[in-house]
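The following exercises concern a single predicted model. Each task is followed by a solution in steps.

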Amino acid sequence: MSAGSTARRAAVACCEGLVAENGSCSARLTFPPDYVGFQGHFPDNPILPGVCLIEAVLGVLERAWSQSLRLREIRSAKFRDPIKPGQAIVVHCASSIAGSGLRVSARVSRLGAHVADLVLHVTPS
C-alpha cells in the first residue's frame, strides 16, 4: 500500500456532504489531529501537506465518480493559506475532457476564504 493511497483513504473518511452532478462535485472535509498527513508536518505547528490535499481531492473525485483514478499530472497547485487540524474545508471540483483523460480544476475554501487551487490531469486506473 502506498503512502498516497493511505492518505487518500484517510481523507475520504474525513469527507461529508458530497454532492456530485454533471462532472462536478463538492464536499466538506475536516481533518482530525490524528490524520496521517499531520504526522511530522510539523510537530509543534501541524499543517496539512500539499500532497495530502491533492490526495484528498482525488479521494473526493473517486467517491463522487465511483471509480479509482490515477494522477497523471499536476498542472498547477497554488496553496494560499495553511490548513490546520480540525479546520473544515470545502472542495469544489469541475472536470472536462483533456486528451486521454480528464482535466480537473479544484478550488478549496475555508469559511468562505480561498485557500488553494489545483489543476490536475487524471485517468481511470
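**Exercise 1.** Which residues of the largest nonpolar core touch the most other members?

*Solution.* A nonpolar core is a set of buried Ala, Val, Leu, Ile, Met, Phe, Trp, Tyr and Cys residues joined through side-chain atoms within 4.5 Å. Buried means under 20% relative accessible area, exposed over 50%, and partly exposed in between, with a 1.4 Å probe and protein chains only. The largest core has 34 residues, of which L29, F31, Y35 and L61 touch the most other members. Two or more residues come from each of α1 (3-13), β2, α2, β4, β5 and β6. The greatest contribution is that of α2, with 10 residues. Helices (H or I, at least four residues) and strands (E, at least two) are DSSP runs, numbered from the N terminus. Contact means heavy atoms within 4.5 Å. Beyond four places in sequence, Y35 touches A7, A10, A11, C14, L48 and C52.

Residues are numbered from 1 along each chain as its sequence is written. In this predicted model, local features need pLDDT of at least 70, side-chain atom pairs count only at pLDDT 80 or more, and totals for chains, interfaces and linings use all residues, while side-chain values use heavy atoms, with hydrogens and water left out.

**Exercise 2.** Determine the strand order of the sheet and locate its edges.

*Solution.* Two strands pair if DSSP finds at least two bridges between them. The six strands form an open sheet in the order β1-β2-β4-β5-β6-β3, and their pairing is antiparallel. At the edges are β1 (15-21) and β3 (69-79), each of which pairs on one side only. From one strand to the next, the twist averages 20°. As a detail, seven bridges join β2 (residues 24-30) to the antiparallel β4 (residues 88-98); in β4, V90 is the bridge partner of R28.

**Exercise 3.** Describe how helix α2 is placed against the strands, and examine E62.

*Solution.* Helix α2 (residues 50-65) lies across β1, β2, β3, β4, β5 (101-110) and β6 (113-124), and runs at about 130° to β3. Axes are lines fitted to C-alpha atoms, for helices over the stretch in contact, and angles run from 0 to 180 degrees between N-to-C directions. E62 is in helix α2. Its relative accessible area is 19%, so E62 is buried. Leaving aside neighbours within four places in sequence, E62 contacts R8, Q67, S68 and L69.

**Exercise 4.** Is T123 buried or exposed, and which residues does T123 touch?

*Solution.* T123 is in strand β6. T123 counts as buried because its relative accessibility is 7%. Not counting residues up to four places away in sequence, T123 touches S68, L69, R70, R72, S100 and G101.
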